[in-house]
Amino acid sequence: MGALMWLASYPKSGNTWMRSFLHNLLRGSDEPVAINDLDHFCLGESDSKWYTRHFEGVLKEAGEEEVARIRPKGQRDMTRAFPDTVFVKTHNFLGEKHETALHNMDVTAGAIYIVRNPLDVALSMTHHFGTDIDAAIDRLGQEGAITDMSDTHIMEYHASWSTHVSSWTARENRGLLVMRYEDMLAKPRREFRRVSDFLGLKPSRDRLDRAIRNSSFKTLQSQERRKDFKERSEYSKAFFRAGKEGQWKGILDSDQVARVVERHGEQMARFGYLPGKKKK
(Lines give C-alpha, C1' and ligand atoms only; values in the text may rest on other atoms or scores of the structure.)
Protein backbone atom coordinates (compact mmCIF):
# COMPACT_ATOMS: atom_id res chain seq x y z
CA MET A 1 0.00 0.00 0.00
CA GLY A 2 1.40 3.38 -1.04
CA ALA A 3 0.48 7.05 -0.93
CA LEU A 4 -0.89 8.99 -3.87
CA MET A 5 1.26 11.25 -6.02
CA TRP A 6 -1.05 13.45 -8.05
CA LEU A 7 -0.15 14.29 -11.64
CA ALA A 8 -2.34 17.36 -11.95
CA SER A 9 -3.13 19.80 -14.73
CA TYR A 10 -5.90 21.66 -16.46
CA PRO A 11 -6.93 19.59 -19.53
CA LYS A 12 -4.63 19.70 -22.57
CA SER A 13 -1.61 20.89 -20.63
CA GLY A 14 0.87 18.01 -20.82
CA ASN A 15 -0.41 15.45 -18.32
CA THR A 16 -0.12 12.54 -20.74
CA TRP A 17 3.42 13.55 -21.63
CA MET A 18 4.39 13.51 -17.95
CA ARG A 19 2.76 10.13 -17.43
CA SER A 20 4.66 8.71 -20.37
CA PHE A 21 7.97 10.10 -19.15
CA LEU A 22 7.55 8.66 -15.66
CA HIS A 23 6.46 5.26 -16.98
CA ASN A 24 9.46 5.11 -19.29
CA LEU A 25 11.82 6.32 -16.56
CA LEU A 26 10.70 3.81 -13.95
CA ARG A 27 10.47 0.94 -16.40
CA GLY A 28 13.91 1.76 -17.80
CA SER A 29 13.65 -0.36 -20.94
CA ASP A 30 15.27 0.42 -24.27
CA GLU A 31 11.94 0.45 -26.11
CA PRO A 32 9.20 3.05 -25.47
CA VAL A 33 6.32 2.04 -23.25
CA ALA A 34 3.15 1.51 -25.28
CA ILE A 35 0.89 4.56 -24.99
CA ASN A 36 -2.14 2.36 -24.38
CA ASP A 37 -0.42 0.86 -21.33
CA LEU A 38 -0.06 4.16 -19.48
CA ASP A 39 -3.04 3.33 -17.28
CA HIS A 40 -1.20 0.20 -16.12
CA PHE A 41 1.25 2.53 -14.40
CA CYS A 42 -0.70 5.69 -13.61
CA LEU A 43 -4.28 5.53 -12.35
CA GLY A 44 -7.04 7.88 -13.42
CA GLU A 45 -8.81 9.72 -10.61
CA SER A 46 -12.08 9.81 -12.53
CA ASP A 47 -12.06 6.12 -13.50
CA SER A 48 -15.41 4.70 -12.33
CA LYS A 49 -13.97 1.35 -11.31
CA TRP A 50 -12.61 2.87 -8.09
CA TYR A 51 -16.03 4.05 -6.96
CA THR A 52 -18.60 1.46 -8.04
CA ARG A 53 -18.11 -0.72 -4.95
CA HIS A 54 -18.97 2.22 -2.73
CA PHE A 55 -22.25 3.03 -4.47
CA GLU A 56 -25.46 1.05 -4.47
CA GLY A 57 -27.06 1.39 -7.87
CA VAL A 58 -25.89 2.60 -11.27
CA LEU A 59 -22.97 4.95 -10.66
CA LYS A 60 -23.58 6.84 -13.90
CA GLU A 61 -26.90 7.98 -12.44
CA ALA A 62 -25.40 9.26 -9.18
CA GLY A 63 -25.73 12.94 -8.29
CA GLU A 64 -22.89 15.29 -7.39
CA GLU A 65 -23.41 14.97 -3.64
CA GLU A 66 -23.43 11.17 -3.86
CA VAL A 67 -20.19 11.17 -5.84
CA ALA A 68 -18.63 13.60 -3.38
CA ARG A 69 -19.43 11.19 -0.55
CA ILE A 70 -17.68 8.22 -2.15
CA ARG A 71 -14.76 10.03 -3.80
CA PRO A 72 -12.44 9.90 -0.73
CA LYS A 73 -13.20 6.18 -0.33
CA GLY A 74 -12.33 5.38 -3.92
CA GLN A 75 -9.11 7.36 -3.68
CA ARG A 76 -8.17 5.46 -0.53
CA ASP A 77 -8.64 2.23 -2.49
CA MET A 78 -6.15 3.53 -5.05
CA THR A 79 -3.38 3.34 -2.46
CA ARG A 80 -3.61 -0.45 -2.65
CA ALA A 81 -2.85 -0.55 -6.38
CA PHE A 82 0.93 -0.59 -5.84
CA PRO A 83 3.15 -1.14 -2.78
CA ASP A 84 4.98 2.18 -3.15
CA THR A 85 4.06 5.56 -4.59
CA VAL A 86 0.83 5.46 -6.62
CA PHE A 87 0.72 7.99 -9.45
CA VAL A 88 -2.77 9.31 -10.18
CA LYS A 89 -3.82 11.63 -13.01
CA THR A 90 -6.26 14.37 -12.05
CA HIS A 91 -7.84 17.30 -13.89
CA ASN A 92 -9.80 18.47 -10.83
CA PHE A 93 -8.94 21.82 -9.33
CA LEU A 94 -7.58 21.65 -5.79
CA GLY A 95 -10.53 22.35 -3.56
CA GLU A 96 -13.87 21.08 -2.28
CA LYS A 97 -17.27 20.26 -3.66
CA HIS A 98 -20.26 19.61 -1.42
CA GLU A 99 -18.04 20.08 1.65
CA THR A 100 -15.75 17.24 0.57
CA ALA A 101 -12.18 17.56 -0.73
CA LEU A 102 -11.73 16.54 -4.35
CA HIS A 103 -8.38 15.04 -3.37
CA ASN A 104 -8.05 12.90 -0.26
CA MET A 105 -5.09 14.48 1.52
CA ASP A 106 -5.05 11.75 4.16
CA VAL A 107 -3.60 9.39 1.55
CA THR A 108 -1.59 11.95 -0.46
CA ALA A 109 2.21 12.09 -0.65
CA GLY A 110 2.51 15.06 -3.01
CA ALA A 111 1.76 16.42 -6.46
CA ILE A 112 3.35 17.42 -9.74
CA TYR A 113 1.42 20.25 -11.38
CA ILE A 114 1.84 21.20 -15.04
CA VAL A 115 0.78 24.63 -16.27
CA ARG A 116 0.50 25.67 -19.93
CA ASN A 117 -0.21 28.97 -21.67
CA PRO A 118 -4.03 29.26 -21.80
CA LEU A 119 -3.83 30.73 -25.30
CA ASP A 120 -2.41 27.41 -26.52
CA VAL A 121 -4.71 25.45 -24.23
CA ALA A 122 -7.73 27.10 -25.83
CA LEU A 123 -6.54 26.08 -29.28
CA SER A 124 -5.87 22.51 -28.19
CA MET A 125 -9.30 22.32 -26.55
CA THR A 126 -11.03 22.98 -29.87
CA HIS A 127 -9.75 19.65 -31.16
CA HIS A 128 -10.30 17.69 -27.97
CA PHE A 129 -13.80 18.95 -27.15
CA GLY A 130 -14.98 19.42 -30.73
CA THR A 131 -15.73 23.12 -30.35
CA ASP A 132 -14.63 26.43 -31.83
CA ILE A 133 -12.11 28.85 -30.37
CA ASP A 134 -14.67 31.25 -28.91
CA ALA A 135 -16.43 28.41 -27.09
CA ALA A 136 -13.08 27.12 -25.81
CA ILE A 137 -12.22 30.58 -24.49
CA ASP A 138 -15.60 30.73 -22.78
CA ARG A 139 -14.94 27.37 -21.12
CA LEU A 140 -11.53 28.55 -19.91
CA GLY A 141 -13.38 31.20 -17.91
CA GLN A 142 -16.21 29.07 -16.53
CA GLU A 143 -15.97 28.60 -12.77
CA GLY A 144 -18.54 25.83 -12.99
CA ALA A 145 -16.82 23.86 -15.76
CA ILE A 146 -17.50 20.18 -15.14
CA THR A 147 -17.47 17.01 -17.22
CA ASP A 148 -20.46 14.69 -17.56
CA MET A 149 -20.85 11.36 -15.84
CA SER A 150 -20.36 8.42 -18.21
CA ASP A 151 -20.29 4.65 -18.14
CA THR A 152 -16.57 4.73 -17.39
CA HIS A 153 -15.86 8.03 -15.58
CA ILE A 154 -17.23 10.17 -12.78
CA MET A 155 -17.41 13.93 -13.21
CA GLU A 156 -14.31 16.12 -13.10
CA TYR A 157 -14.41 19.66 -11.74
CA HIS A 158 -12.15 21.81 -13.91
CA ALA A 159 -13.35 25.27 -12.82
CA SER A 160 -11.79 28.14 -14.76
CA TRP A 161 -8.20 28.01 -15.96
CA SER A 162 -7.22 30.73 -13.47
CA THR A 163 -8.94 29.04 -10.54
CA HIS A 164 -7.39 25.71 -11.47
CA VAL A 165 -3.88 27.14 -11.67
CA SER A 166 -4.12 29.27 -8.54
CA SER A 167 -5.71 26.47 -6.51
CA TRP A 168 -2.69 24.23 -7.08
CA THR A 169 0.12 26.82 -7.13
CA ALA A 170 -0.86 29.70 -4.84
CA ARG A 171 1.05 28.29 -1.86
CA GLU A 172 4.61 27.01 -1.81
CA ASN A 173 4.74 23.45 -0.59
CA ARG A 174 7.67 21.05 -0.41
CA GLY A 175 5.31 18.31 -1.49
CA LEU A 176 4.47 20.15 -4.71
CA LEU A 177 6.49 20.50 -7.92
CA VAL A 178 5.20 23.04 -10.45
CA MET A 179 6.25 22.59 -14.09
CA ARG A 180 5.73 24.83 -17.11
CA TYR A 181 4.89 22.94 -20.29
CA GLU A 182 6.99 25.40 -22.27
CA ASP A 183 10.08 24.74 -20.14
CA MET A 184 9.60 21.01 -20.64
CA LEU A 185 9.75 21.63 -24.39
CA ALA A 186 12.71 24.02 -24.31
CA LYS A 187 14.95 22.27 -21.76
CA PRO A 188 13.71 18.69 -21.34
CA ARG A 189 16.83 17.32 -19.63
CA ARG A 190 16.85 20.08 -17.00
CA GLU A 191 13.12 19.95 -16.38
CA PHE A 192 12.74 16.19 -16.23
CA ARG A 193 15.79 16.00 -13.96
CA ARG A 194 13.80 18.27 -11.64
CA VAL A 195 11.03 15.68 -11.69
CA SER A 196 13.34 12.80 -10.85
CA ASP A 197 14.99 14.83 -8.06
CA PHE A 198 11.59 15.75 -6.62
CA LEU A 199 10.65 12.06 -6.49
CA GLY A 200 13.95 11.13 -4.87
CA LEU A 201 15.13 9.16 -7.90
CA LYS A 202 18.73 9.09 -9.07
CA PRO A 203 18.67 7.82 -12.66
CA SER A 204 21.86 7.80 -14.68
CA ARG A 205 22.13 10.35 -17.45
CA ASP A 206 21.66 7.60 -20.03
CA ARG A 207 18.49 6.34 -18.35
CA LEU A 208 17.09 9.86 -18.04
CA ASP A 209 17.86 10.68 -21.67
CA ARG A 210 16.31 7.41 -22.83
CA ALA A 211 13.11 8.12 -20.90
CA ILE A 212 12.96 11.62 -22.39
CA ARG A 213 13.50 10.24 -25.88
CA ASN A 214 10.98 7.42 -25.45
CA SER A 215 8.31 9.86 -24.25
CA SER A 216 9.02 12.59 -26.80
CA PHE A 217 6.14 14.00 -28.80
CA LYS A 218 7.60 12.48 -31.95
CA THR A 219 7.64 9.02 -30.36
CA LEU A 220 4.13 9.34 -28.91
CA GLN A 221 2.77 10.63 -32.21
CA SER A 222 4.39 7.75 -34.08
CA GLN A 223 2.82 5.23 -31.73
CA GLU A 224 -0.62 6.78 -32.15
CA ARG A 225 -0.34 6.65 -35.92
CA ARG A 226 0.41 2.94 -35.77
CA LYS A 227 -1.94 1.81 -32.99
CA ASP A 228 -4.29 4.72 -32.23
CA PHE A 229 -4.65 5.94 -28.63
CA LYS A 230 -7.57 4.87 -26.49
CA GLU A 231 -7.70 8.25 -24.73
CA ARG A 232 -8.20 10.14 -28.00
CA SER A 233 -11.38 12.19 -28.05
CA GLU A 234 -14.10 11.22 -30.49
CA TYR A 235 -13.89 14.78 -31.82
CA SER A 236 -10.20 14.78 -32.72
CA LYS A 237 -8.29 13.05 -35.48
CA ALA A 238 -5.26 12.66 -33.21
CA PHE A 239 -4.55 13.09 -29.50
CA PHE A 240 -0.90 13.99 -30.12
CA ARG A 241 -1.62 16.75 -32.61
CA ALA A 242 1.19 19.33 -32.48
CA GLY A 243 3.00 19.45 -29.12
CA LYS A 244 4.37 22.95 -29.63
CA GLU A 245 4.12 26.33 -27.97
CA GLY A 246 2.94 29.60 -29.46
CA GLN A 247 0.62 28.12 -32.07
CA TRP A 248 -2.09 30.54 -30.97
CA LYS A 249 -0.14 33.39 -32.60
CA GLY A 250 -1.20 32.46 -36.09
CA ILE A 251 -4.76 31.42 -35.27
CA LEU A 252 -6.34 33.50 -32.48
CA ASP A 253 -7.33 37.03 -33.48
CA SER A 254 -6.60 40.11 -31.36
CA ASP A 255 -10.07 40.15 -29.77
CA GLN A 256 -9.78 36.50 -28.74
CA VAL A 257 -6.35 37.08 -27.23
CA ALA A 258 -7.67 40.13 -25.36
CA ARG A 259 -10.54 38.08 -23.90
CA VAL A 260 -8.14 35.49 -22.51
CA VAL A 261 -5.78 38.12 -21.09
CA GLU A 262 -8.62 40.10 -19.53
CA ARG A 263 -9.96 37.02 -17.73
CA HIS A 264 -6.69 35.31 -16.83
CA GLY A 265 -4.07 38.06 -16.86
CA GLU A 266 -3.11 37.72 -13.20
CA GLN A 267 -2.17 34.04 -13.44
CA MET A 268 -0.71 34.49 -16.93
CA ALA A 269 1.63 37.15 -15.57
CA ARG A 270 2.82 34.80 -12.83
CA PHE A 271 3.99 32.28 -15.40
CA GLY A 272 5.21 34.56 -18.17
CA TYR A 273 2.28 34.05 -20.52
CA LEU A 274 1.27 37.65 -21.18
CA PRO A 275 1.85 38.38 -24.89
CA GLY A 276 5.07 40.31 -25.40
CA LYS A 277 6.42 39.57 -21.93
CA LYS A 278 8.71 36.82 -20.67
CA LYS A 279 8.73 34.92 -17.41
CA LYS A 280 10.90 36.63 -14.82
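These legends walk through several close-up views of one predicted model.

**View 1**
Which helix gives the largest share of the patch? That is helix α2, residues 64-78, with three residues. E99 sits elsewhere, in the loop between β4 (96-97) and β5 (100-101). Is E99 buried or exposed? With a relative accessible area of 77%, E99 is exposed, because the cut-off for that word is over 50%.

**View 1. The backbone at E99 and at K12.**
The phi angle of E99 is near 60 degrees, which is a positive value in a residue other than glycine. K12 also is not a glycine, and its phi is positive too, at about 65 degrees. Where does K12 lie? Look for K12 in the loop between β1 (4-9) and α1 (15-27). E99 is exposed at 77% relative accessible area, whereas K12, at 15% relative accessibility, counts as buried.

H103 is found in the loop between β5 and β6 (108-115). The relative accessible area of H103 is 2%, so this residue is buried. Which residue does the side chain of H103 contact? The partner is T90, and a polar contact of 2.9 Å joins the two side chains.

Side chains of opposite charge can pair when their charged atoms come close. How many salt bridges does a search of the whole structure find? The search finds 13, and the one shown here is between D151 and K60. Their closest N and O atoms are 3.5 Å apart. The pair links distant parts of the chain, since D151 and K60 are 91 residues apart. D151 belongs to the loop between α4 (133-140) and α5 (161-169), while K60 belongs to the loop between β2 (43-44) and α2. D151 is exposed, with a relative accessible area of 63%, and K60 counts as partly exposed at 42% relative accessibility.

**View 2. A salt bridge with two buried partners.**
Here R180 forms a salt bridge with D183. The closest N and O atoms of R180 and D183 are 3.0 Å apart. Are R180 and D183 buried or exposed? Both residues are buried.

In the salt bridge of E191 with R190, the closest N and O atoms are 2.8 Å apart. E191 is buried, with a relative accessible area of 2%, but R190 counts as partly exposed at 44% relative accessibility.

**View 3. Two C-alpha distances.**
This view looks at two pairs of residues, one after the other. A145 is in the loop between α4 and α5 and counts as buried, at 3% relative accessibility. Along the chain, A145 and E156 are 11 residues apart, and their C-alpha atoms are separated by 8.6 Å. A81 is partly exposed, with a relative accessible area of 32%. What separates the C-alpha atoms of A81 and A170? The distance is 30 Å, for residues that are 89 apart along the chain.

**View 4. A side chain and a backbone oxygen.**
T169 is part of helix α5. At 8% relative accessibility, T169 counts as buried. Which residue has its backbone oxygen 2.7 Å from a polar atom of the T169 side chain? The oxygen belongs to V165.

Methods
Residues numbered from 1 in each chain as written. Predicted model: local features only at pLDDT ≥ 70, side-chain atom pairs only at ≥ 80, totals over all residues. Heavy atoms only, no water. Helix = DSSP H or I, 4+ residues; strand = E, 2+ residues; numbered from the N terminus. Buried < 20%, exposed > 50% of the residue type's maximum accessible area, 1.4 Å probe, protein only. Polar contact = N/O pair within 3.5 Å; in protein donor to acceptor, adjacent residues only side chain to side chain. Salt bridge = Lys/Arg side-chain N within 4 Å of Asp/Glu carboxyl O.
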